[in-house]
Structure formats: structure tokens, C-alpha cells
Amino acid sequence: MPADDEEHAVEIANNTNFGLSGSVWTSDETKGEEIAQRVDAGSMFVNEVEKIDIKMPFGGTKMSGFGRECGTHGIKEFTNAKTVWIQK
């Protein structure tokens, strides 16, 4: 889907019910990172297609899911926080 400019590209990317991952392709890595930060997705890649590393959290936003797998964020998905309140 062609975009008119950078702002339009971010608008197109964010105007969806899904947000698993995406990529930005540019010769300016700094600009690519800035754009990636503005896209509402669980993972964004600059000049790369999706990569997965067990040490990095992975998961989506919106209808692409909630929570994270892998990394320290993922470990927390398998724990239960418990509160015990004792009134004295």
C-alpha cells in the first residue's frame, strides 16, 4: 500500500485492528528507529524482516494479542502475583 509521506505511512500502519509486527525500510537508521517507535505494534524492525530471539520479548498489540512470550517479560506471564493482607 503506497504512502504519500512518512506521516501517512505511520497513519496507515496504525489504522488497523492488528499490531503484531512491522518493518521500516530506509537508508537513515535513526529516522527508521523514530518511525518504528511511532508504530503501534509489538515488534518493529528497521531494514529487516521479523527476527525472534528467546532473550527478547515477543507479542502483539490490539487484536494481535496481549502479554509477551520470551525474555524476562515472558517469564512473568507464567507467574502468579499474590497479595496476602493481614489486618492487625
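In this model, helix α1 passes helix α2 in a right-handed crossing, where right-handed means that the near helix is turned clockwise from the far one by less than a right angle, anticlockwise being left-handed. The contact behind that crossing is made by E6, E7, V10 and N14 on the α1 side and by K31, I35 and R38 on the α2 side, contact meaning heavy atoms within 4.5 Å. By class this gives 2 nonpolar, 1 polar and 4 charged residues, with Ala, Val, Leu, Ile, Met, Phe, Trp, Tyr, Cys and Pro counted as nonpolar, Asp, Glu, Lys and Arg as charged, and the others, Gly among them, as polar.

Before I go on, the model is predicted, so local features need pLDDT of at least 70 and side-chain atom pairs count only at pLDDT 80 or more, while totals for chains, interfaces and linings use all residues. Residues are numbered from 1 along each chain as its sequence is written, and side-chain values use heavy atoms, with hydrogens and water left out.

To return to the helices, α1 covers residues 6-14 and α2 residues 29-38, and they pack at an angle of about 35° with their axes 10 Å apart. The axes are lines fitted to C-alpha atoms over the stretch in contact, and angles run from 0 to 180 degrees between N-to-C directions; helices (H or I, at least four residues) and strands (E, at least two) are DSSP runs, numbered from the N terminus.

Next, the largest pocket, which holds about 260 Å³ of space. Of its 13 lining residues, the closest to the centre are A3, A9, V10, S23 and I35; V10 and I35 also belong to the contact between α1 and α2. Helix α1 gives the most to the lining, with 5 residues, and the lining divides into 11 nonpolar, 1 polar and 1 charged.

Finally, consider G59, found in the loop between β3 (43-46) and β4 (61-62), and S43, which lies in strand β3. Is G59 buried or exposed? G59 is buried, with a relative accessible area of 8%, and S43 is buried too, at 11%, where buried means under 20%, exposed over 50% and partly exposed in between, with a 1.4 Å probe and protein chains only. Leaving aside neighbours within four places in sequence, G59 is in contact with L20, G42, S43, G67 and R68, and S43, on that basis, with L20, S21, G22, F58 and G59. The C-alpha atoms of G59 and L20 are separated by 6.4 Å, although these residues are 39 apart along the chain.

Conventions:
On a 1 Å grid over the protein atoms alone, a cavity is a set of points where a 1.4 Å probe fits but cannot get out, and a pocket is an open set with protein on both sides within 12 Å along at least five of seven lines; lining residues have an atom within 4 Å of a point. Grid points are joined across faces, edges and corners, and a volume is the space filled by probe spheres set on the points.
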